[in-house]
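Dear colleague,

Please find below the structure that I am handing over to you.

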Amino acid sequence: MAEGQGRAQGLRIALEMEKRGIALYARIPLVTENRALKELSRRLESEERLHYQQFETMLLQAGIEEPSLEEGALISATAADHFYPGGLMQVAREGGLDTPEALLKEAAEAERGSIAFYAALQKGASEADAAAIGAIIQEEEGHLRTLISYQNSASK
């Protein structure tokens, strides 16, 4: 992989995954009557928007240009394969819309999956790219810690 490609790929996929999270959490209030679940999904959507902004800033600071249409399609497909591949219906089938605690469990598992994906991407990257991908991992680990703290608060 050429210098900078791993960083660009990682950041573009991160942006796409965050977009998927934003869309998923934005749709939950439309399909549930559970007030606590609606509030949680709005909070998670807001957090995904913040992560999107952080990754977008990293992309701009790195001077990474927009991907070609083909690259964009591949990025979108990659994100779809790794972050809620079945979308809202997958979350519903797995019981993630039953309670706020169930949604938090689903969200934490999605973050763990994202971290594992970026760790694999990091392994094949140059030193500079691996450092940039490491920054993505740190951000996702921070979000995972937040989700775990929500889980701990909900179980008390």
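Predicted model: local features only at pLDDT ≥ 70, side-chain atom pairs only at ≥ 80, totals over all residues.

Residues are numbered from 1 along each chain as its sequence is written, and side-chain values use heavy atoms, with hydrogens and water left out.

Helix packing

Helices are DSSP runs of H or I with at least four residues, strands are runs of E with at least two, and both are numbered from the N terminus. Axes are lines fitted to C-alpha atoms, for helices over the stretch in contact, and angles between N-to-C directions run from 0 to 180 degrees. Angles under 35 degrees count as roughly parallel, over 145 as roughly antiparallel, 65 to 115 as roughly perpendicular and the rest as oblique. A crossing is left-handed if the near helix is turned anticlockwise from the far one by less than a right angle, and right-handed if clockwise.

Helix 5 (residues 100-123) and helix 6 (residues 127-154) have axes that come within 9 Å and cross at roughly 165°. The two are therefore roughly antiparallel to each other, and their crossing is left-handed. The residues of this contact comprise 16 nonpolar, four polar and six charged; here Ala, Val, Leu, Ile, Met, Phe, Trp, Tyr, Cys and Pro count as nonpolar, Asp, Glu, Lys and Arg as charged, and the others, Gly among them, as polar.

Helix 2 also crosses helix 6 at roughly 165°, and their axes come within 11 Å. Helix 2 and helix 6 are therefore roughly antiparallel, with a right-handed crossing. Against helix 5, helix 2 packs at an angle of about 25°, with the axes 9 Å apart. That makes helix 2 roughly parallel to helix 5, and this crossing is right-handed.

The largest pocket

The largest pocket has a volume of about 250 Å³. A pocket is an open set of points on a 1 Å grid over the protein atoms alone, where a 1.4 Å probe fits, with protein on both sides within 12 Å along at least five of seven lines; lining residues have an atom within 4 Å of a point. Of the 14 lining residues, Arg12, Leu15, Leu59, Glu66 and Pro67 are the closest to the pocket centre. Helix 1 (5-31), helix 2 (35-61) and helix 3 (69-82) are the elements that give two or more residues to the lining. By class, the lining divides into seven nonpolar, one polar and six charged residues.

Individual residues

Buried means under 20% relative accessible area, exposed over 50%, and partly exposed in between, with a 1.4 Å probe and protein chains only.

Tyr84 has a positive phi of about 45° although it is not a glycine. Most residues other than glycine have a negative phi. Tyr84 is placed in the loop between helix 3 and helix 4 (87-93) and counts as buried, at 6% relative accessibility.

Glu111 is in helix 5 and is buried, with a relative accessible area of 2%.

Arg49 lies in helix 2 and is partly exposed, at 42% relative accessible area. Its C-alpha atom is separated by 7.9 Å from that of Lys19, 30 residues apart along the chain.

Gly6 belongs to helix 1 and is buried, with a relative accessible area of 0%.

Yours sincerely

How values were computed:
Points joined across faces, edges and corners; volume = space filled by probe spheres on them.
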